[in-house]
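Good morning. I would ask you to look at the structure on the screen while I speak.

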Amino acid sequence: MLVLGIESSCDDTAAAVWEDGTVRANVVSSQADLHEEYGGVVPELASRNHQRLIVPVVQRALTKAEVDAEGLDAVAVTYGPGLPGSLLVGLSFAKAFARGLDVPLIGVNHLEGHVCSVDLEGPRPGRPFLCLVVSGGHTELVRVDENAQHEVLGRTRDDAAGEAFDKVAQLFGLGYPGGPDIDRHAETGDPAFHDFPRSRLDGFDFSFSGLKTSVLYYLRDRSAAERKRLLADHLDDLCAAVQAAVVDVLVDAMRRAVEETGGEHVAVVGGVAANSSLRRRMGALGREAGVDVSVPALTYCMDNAAMIAQAGARRLAAGHTSPAALDVHPNLQL
Ligand code: KG4
Ligand code: ZN
């Protein structure tokens, strides 16, 4: 089965060609540089750029995969959650493309796509598995069973983990998105430099807005000159301290979930799964607790369309397709 995947929920325009479990092409055109000067994604700018990029990106994926569009068996596309205008560009294109080729259209939940990214490469995690979905917009801990049904054990009550990295990075004067910058600086920093708060809520819910506020106050309590000196002399230490606060919370939740559910397989997916400390600490948790840990390759942690094609193919195999009237669902949940 040959599936074209399309993803445009935020600021990445992506297309992938997937054939029977193998990714034949995975093209992502990031708009990050464009949004950086505004310190975050500007929705209007994002949708306008998706419009400009969607055709060449799909074309590039088909060319790279050496596939004629006529050979496709289905078109899978993200229909939520995400920015309405951005989602609309991908979905409208996918609808027209599928209609023109007379192949099924399969709407995919972006978060389900992230969960499916564990099956793209390397050994698939056994089922059921506990999956931490950590991205710029989401932080959820879910249990995924043999039939790919998701049971949400907990989710963030305010900011997502990636959002916390991005907002703190902005306070530190770093670029957007801030997660990769914080990760890089943290490599040579001392995580014990300052003890930022780790919020621990009942059950498996998360909260990261306190961390951002705490960093804000920590900086605001100093004079401009002091702040400048602190950021010049200790940026790496501060990044390491913030990163440790986020990673501690995520690893602690996963450890408790393994203990409480007796889970044997765990996975971490989404943009924040690219974080080097989180990857290391999850590996260590796996060894300590005797569980298998799956973390996708870096390319499949970030938003991409291969994971959408993978999720779409699974839906199609289970007999699901979407009506031509499918609309975007900006607040879709797992
Ligand atoms: O999954 P993704 O590409 O898009 C969303 O669905 O949100 O995730 C993007 C998020 C951003 O918040 C970014 O700062 C974060 O993932 N991120 C990282 C790293 N790489 C990306 N956070 C921490 N460390 C990283 N290395
Ligand atoms: Zn994502």
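Let me begin with a definition: helices (H or I, at least four residues) and strands (E, at least two) are DSSP runs, numbered from the N terminus. With that in place, Asp20 lies in the loop between β2 (12-19) and β3 (22-30). Asp20 is not a glycine, yet its phi is positive, at about 45°.

This is a predicted model, in which local features need pLDDT of at least 70, side-chain atom pairs count only at pLDDT 80 or more, and totals for chains, interfaces and linings use all residues. Residues are numbered from 1 along each chain as its sequence is written, chains are lettered from A and ligands numbered from 1 in the order in which they are written, and side-chain values use heavy atoms, with hydrogens and water left out.

Two peptide bonds come next. The bond from Arg127 to Pro128 is cis, with omega near -10°, and Pro128 belongs to the loop between α4 and β6 (129-134). The bond from Tyr176 to Pro177 is also cis, with omega near -10°; Pro177 is found in the loop between α5 and α6.

I now turn to ligand 1. Which residues are closest to ligand 1? They are Gly136, Asp166, Asp183, Asn275 and Asp303, out of 20 residues that surround the ligand, where a residue is near a molecule if one of its heavy atoms lies within 4 Å of it. By domain, this shell draws at least three residues from each of domain 1 (2-115 + 300-317) and domain 2 (125-295); the bounds come from an automatic or database domain assignment.

Polar contacts here are pairs of N or O atoms within 3.5 Å. A nitrogen atom of ligand 1 is 3.0 Å from an N or O atom in the side chain of Asn275. For Asp303, the side-chain N or O atom is 3.0 Å from an oxygen atom of the ligand. The elements that give two or more residues to the shell around ligand 1 are α4 (110-116), α5 (161-171) and α6 (178-186).

Thank you.

Notes
A polar contact is a pair of N or O atoms within 3.5 Å; within protein, one must be able to donate a hydrogen and the other to accept it, and residues adjacent in sequence count only if both atoms are side-chain atoms.
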